[in-house]
Amino acid sequence: MADYIGAIDQGTTSTRFIVFDRAGRIVSSAQEEHEQIYPKPGWVEHDPEEIWRRTQSVITKAMQAGRLGPSDLAAIGITNQRETTVVWNKKTAKPVYNAIVWQDTRVAPEVTEFSKNGGQDRYRAKTGLPLATYFSGLKIRWILENVPGVREQAKAGELLCGTVDSFLIWKLTGGASGGVHVTDVTNASRTQLMDLARLQWDESILRDFEIPGQILPRIVSSSEVYGQAKIPAIRDVAIAGDLGDQQAALVGQVCFKPGEAKNTYGTGCFMLLNTGEKIVPSKFGLITTVAYKLGTKPAHYALEGSIAITGALVQWLRDNLGLISSSEEIEELAKTVDDNGGVYFVPAFSGLYAPYWKDTARGVIAGLTRYVNKGHLARAVLEATAFQVREVVEAMAKDSNMNLDFLRVDGGMVKNNLLMQFQADILGIPVVCPRVSETTALGACYAAGLAVGFFKNADELCANWAVAQRWKPEMDLTSRERLYHFWKKAVTRSFDWVE
């Protein structure tokens, strides 16, 4: 009897393989980073073959570390950086170009071009997404248009494409020798090519983007058996779960009821609110996405607020200004002062995501006086994350008519006690962190485990969830609203900087 589930967590900067037990505890894990490639300003790429090598390596290392064989695993789930796009040859298994990463902005001219007819929300009613450089559809189009010979190969049926989950599932299940070409509904919902209601590729958008449908993966649920692994360390183990990373964190945080939300604090922040089986169009700058689809049950949908720069701002303070030598030092520096000294930092380094979607915004530091020191600047950097999250929470409440009782949080920045306390203060609701912090990989584990009967149902998963830490709001209403008022004022100063 297999006692464990494996989860591949393929992220923007690294790949991990984590083995979980039935209680959702980590048994063994391994992690390796991959190269970030920046060919031109605004361009971000990964080498898909390097990602595949890292994936095989971390699986082997984690299995060896836990002294595990394939028969110890009931199934494997995958979670991945979402909109990052790969096109590859199905006979040679070679990518035709590097993966174009979700952060990449090279398709900005195409966004402008397609927005001329119908505006930025031209495809929002069908896909839940505004036209933006973020999503996969225009990235696929760019590769077809700009890599010599690729469009002809695509028309001849020689190529496959997809997000990183599709590429890895295809490779894991045999690649050129019978690999399965699928993607789940959550990843498909980030391409801007899927009809949210039908959960199928939309023919009219494919025509507009000039993408041949035959190169796209088959859309499947987030929790079902797609195929069996062919690599030695996990040979014949069922690949049975697939979720985009933020949706995986929602499942890992067991947000199965409408009105439950989680926020992941990483390079950026990604907040998802479960809206149940109802597609909720956003009027307040959020995107509508698929939350998950477990087997044959109806899909659940979510509202998402994506914030581009949160943890990345701490890295900027470290790497570009040298005010701290490690990211962990920011909390100590921020504690040297009692407040932000009137300083507000709007990190619109490459525009603003939710709820503004303004490509022409740029970063500003507002409210500087001679009184301000580096401690105030450090505090303003941390507070910028919490203010941006409040803007998303408010937009979600307006769109969904649901108010949060508390916010579930995960990700690297939850270790920062000062930030989490300020987050509770500025929201006016408790913030809670779960016992198992690896919620993204855990969500992939849960999806795979449900598919093969390792877990009985969602109730069993909810019983695993436990609070590790809770921060309660301590700030009075007047102070909270005064701080937020000046934040909103600072944000307006960042608008339309690029002409």
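Q: Which angles between axes count as roughly parallel, roughly antiparallel, roughly perpendicular or oblique?
A: Angles under 35 degrees count as roughly parallel, those over 145 as roughly antiparallel, those from 65 to 115 as roughly perpendicular, and the rest as oblique. The model to which these terms are applied here is predicted.

Q: Why are α1 and α6 called oblique to each other?
A: The axes of helix α1 (residues 48-65) and helix α6 (residues 164-172) cross at roughly 60° and come within 11 Å. An angle counts as roughly parallel under 35 degrees and as roughly perpendicular from 65 to 115. The helices α1 and α6 are therefore oblique to each other. Their crossing is right-handed.

Q: What makes the contact between α1 and α6?
A: On α1 the contact is formed by P48, I51, W52, T55 and I59, and on α6 by V164, F167, L168, K171 and L172. By class, these comprise 8 nonpolar, 1 polar and 1 charged residues.

Q: Why is α2 described as roughly perpendicular to α4?
A: The axes of helix α2 (residues 108-115) and helix α4 (residues 137-146) come within 10 Å and cross at roughly 110°. Because the range for this term runs from 65 to 115 degrees, α2 is roughly perpendicular to α4. The crossing of α2 past α4 is right-handed. E110, V111 and F114 of α2 meet L138, R141 and W142 of α4. That contact divides into 4 nonpolar, no polar and 2 charged residues.

Q: Why is α4 said to be largely enclosed by the rest of the structure?
A: Of the 10 residues of α4, 8 are buried, so the helix is largely enclosed by the rest of the structure. The buried residues are G137, L138, K139, I140, R141, W142, I143 and L144. The elements covering them include β6 (85-89), β7 (99-100), α2, α5 (150-155), β8 (159-163) and α8 (203-209).

Q: Which residues of α10 are buried, and what covers them?
A: In helix α10 (residues 311-319), G311, A312, L313, V314 and L317 are buried. Their cover includes α11 (329-334), β19 (344-346) and α12.

Q: Why does T440 count as buried?
A: T440 has 14% relative accessibility, and the term applies under 20%, so T440 counts as buried. This residue belongs to helix α14 (residues 439-451). Beyond residues up to four places away in sequence, T440 touches D9, T79, D245, A248 and A249.

Q: Why does E329 count as partly exposed?
A: Buried means under 20% and exposed over 50%, with partly exposed in between. At 33% relative accessibility, E329 therefore counts as partly exposed. E329 is placed in helix α11.

Q: Are R67 and Q192 buried or exposed, and why?
A: R67, in the loop between α1 and β5 (73-80), has 78% relative accessibility and therefore counts as exposed, the cut-off being over 50%. Q192 lies in the loop between α7 (185-188) and β10 (194-195). At 2% relative accessibility, Q192 therefore counts as buried.

Q: Which peptide bond is cis, and where is its proline placed?
A: The bond from A354 to P355 is cis, with omega near -5°. P355 is placed in the loop between β19 and β20 (364-366). In general, most peptide bonds are trans.

Q: Which residues have the most contacts inside the largest nonpolar core?
A: They are Y265 and L407, in a core of 76 residues. Helix α12 (residues 374-400) gives the most to this core, with 13 residues. Leaving aside residues up to four places away in sequence, Y265 touches several residues, including T385, V389, L407, M413 and Q423. Another core, of 35 residues, lies apart from the largest one and has V107, L144, V147 and L206 among its members.

Key. Residues are numbered from 1 along each chain as its sequence is written. This is a predicted model: local features need pLDDT of at least 70, side-chain atom pairs count only at pLDDT 80 or more; totals for chains, interfaces and linings use all residues. Side-chain values use heavy atoms; hydrogens and water are left out. Axes are lines fitted to C-alpha atoms, for helices over the stretch in contact, and angles run from 0 to 180 degrees between N-to-C directions. Helices (H or I, at least four residues) and strands (E, at least two) are DSSP runs, numbered from the N terminus. A crossing is left-handed if the near helix is turned anticlockwise from the far one by less than a right angle, and right-handed if clockwise. Contact means heavy atoms within 4.5 Å. Ala, Val, Leu, Ile, Met, Phe, Trp, Tyr, Cys and Pro count as nonpolar, Asp, Glu, Lys and Arg as charged, and the others, Gly among them, as polar. A nonpolar core is a set of buried Ala, Val, Leu, Ile, Met, Phe, Trp, Tyr and Cys residues joined through side-chain atoms within 4.5 Å. Buried means under 20% relative accessible area, exposed over 50%, partly exposed in between (1.4 Å probe, protein chains only).
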